[in-house]
Amino acid sequence: MNLYLRLLVTLLRSLFKPSIRVGDSIELSLRVWPNDLDINGHMNNGRYLTVLDLALIEYMARAGMLKLALKKGWRPVLGASMLNYRKGLKPFARYRLRFSLVCWDERWSYMKFEFLCGETVMASGQSKGAILSKKGVVASNELYQALGHTGSTPEIPDSIRAWQEAERLMTLA
């Protein structure tokens, strides 16, 4: 199925799904189509991140971020992703993509995701993203306050702290 068609279907479906709050998880039910495959006959490694965009769009729509971003002229951008491939997704396989917002710092929001067949994790990872305005990066506190979130960020997990440190070390090299 064409990716633009998947995007349109995802946006339309999100209109009929219940709203979520910052920190909730969502799941998308998907299928591996022939245009998702690589020469090894399983889902292409780059396609995982493309499909991940569908979860990000649905999450933003259901949490009210997309409406807010459109109103203020903001744009969502991903800054990095880390993905661990465990087993290949075969042609026409049904799978679920579980996605959640984990925490944030001053600039970045951190998300985790899993691609599942049944209860088997096929791939998993985390991403970080930010919201851009014409003036630059929108501070996370401004974003989450505008969404009505009054608390602070959830505790930053060790895996994300290690990732932040790895990125810091990479910039020194």
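By how much of a helical turn are Arg-62 and Glu-58 separated in helix H2? The two residues stand four apart in helix H2, and are therefore separated by about one helical turn; helices here are DSSP runs of H or I with at least four residues, strands are runs of E with at least two, and both are numbered from the N terminus. Arg-62 and Glu-58 form a salt bridge in which the closest N and O atoms are 2.9 Å apart, a salt bridge being a side-chain nitrogen of Lys or Arg within 4 Å of a carboxyl oxygen of Asp or Glu. Both Arg-62 and Glu-58 are buried, where buried means under 20% relative accessible area, exposed over 50%, and partly exposed in between (1.4 Å probe, protein chains only).

The structure is a predicted model, in which local features need pLDDT of at least 70 and side-chain atom pairs count only at pLDDT 80 or more, whereas totals for chains, interfaces and linings use all residues. Residues are numbered from 1 along each chain as its sequence is written, and side-chain values use heavy atoms, with hydrogens and water left out.

Side chains of opposite charge can pair when their charged atoms come close. In total, the structure holds ten salt bridges. One of them joins the side chains of Asp-36 and Arg-6, at 2.7 Å from N to O. This pair links distant parts of the chain, since Asp-36 lies in the loop between E1 and helix H2 (45-63) and Arg-6 in helix H1, 30 residues apart. Asp-36 counts as buried at 0% relative accessibility, and Arg-6 is buried as well, with a relative accessible area of 6%. A further salt bridge, also at 2.7 Å from N to O, brings together the side chains of Glu-165 and Arg-168; these residues are three apart in helix H5 (residues 158-172) and so are separated by about one helical turn. Glu-165 is partly exposed, with a relative accessible area of 35%, and Arg-168 is partly exposed at 42%. Elsewhere, salt bridges that share partners join Glu-27, Arg-96, Arg-98, Glu-114 and Glu-119 into one network.

Aromatic rings were examined next. Rings of Phe, Tyr and Trp (its six-membered ring) pair if their centres lie within 6.5 Å, and planes under 30 degrees apart count as stacked, over 60 as edge-to-face and the rest as tilted. By this rule the count comes to eight aromatic pairs. The rings of Trp-104 and Tyr-144 have centres 3.9 Å apart and planes at 25°, and the pair is therefore stacked. It links distant parts of the chain, with Trp-104 in strand E3 (residues 94-104) and Tyr-144 in helix H4 (residues 140-146), 40 residues apart. Trp-104 counts as buried at 4% relative accessibility, as does Tyr-144 at 2%. Ring pairs also link Tyr-48, Tyr-85, Tyr-95, Phe-113 and Phe-115 into a cluster.

Lys-128, in strand E5 (residues 120-133), lies over the face of Trp-108, at 4.3 Å from the ring centre; a charge sits over a ring if NZ of Lys or CZ of Arg is within 6 Å of the ring centre and within 35 degrees of the ring normal. Lys-128 counts as buried, at 8% relative accessibility, and its side chain makes a polar contact with the side chain of Glu-167 (2.8 Å). A polar contact is a pair of N or O atoms within 3.5 Å; within protein, one must be able to donate a hydrogen and the other to accept it, and residues adjacent in sequence count only if both atoms are side-chain atoms.
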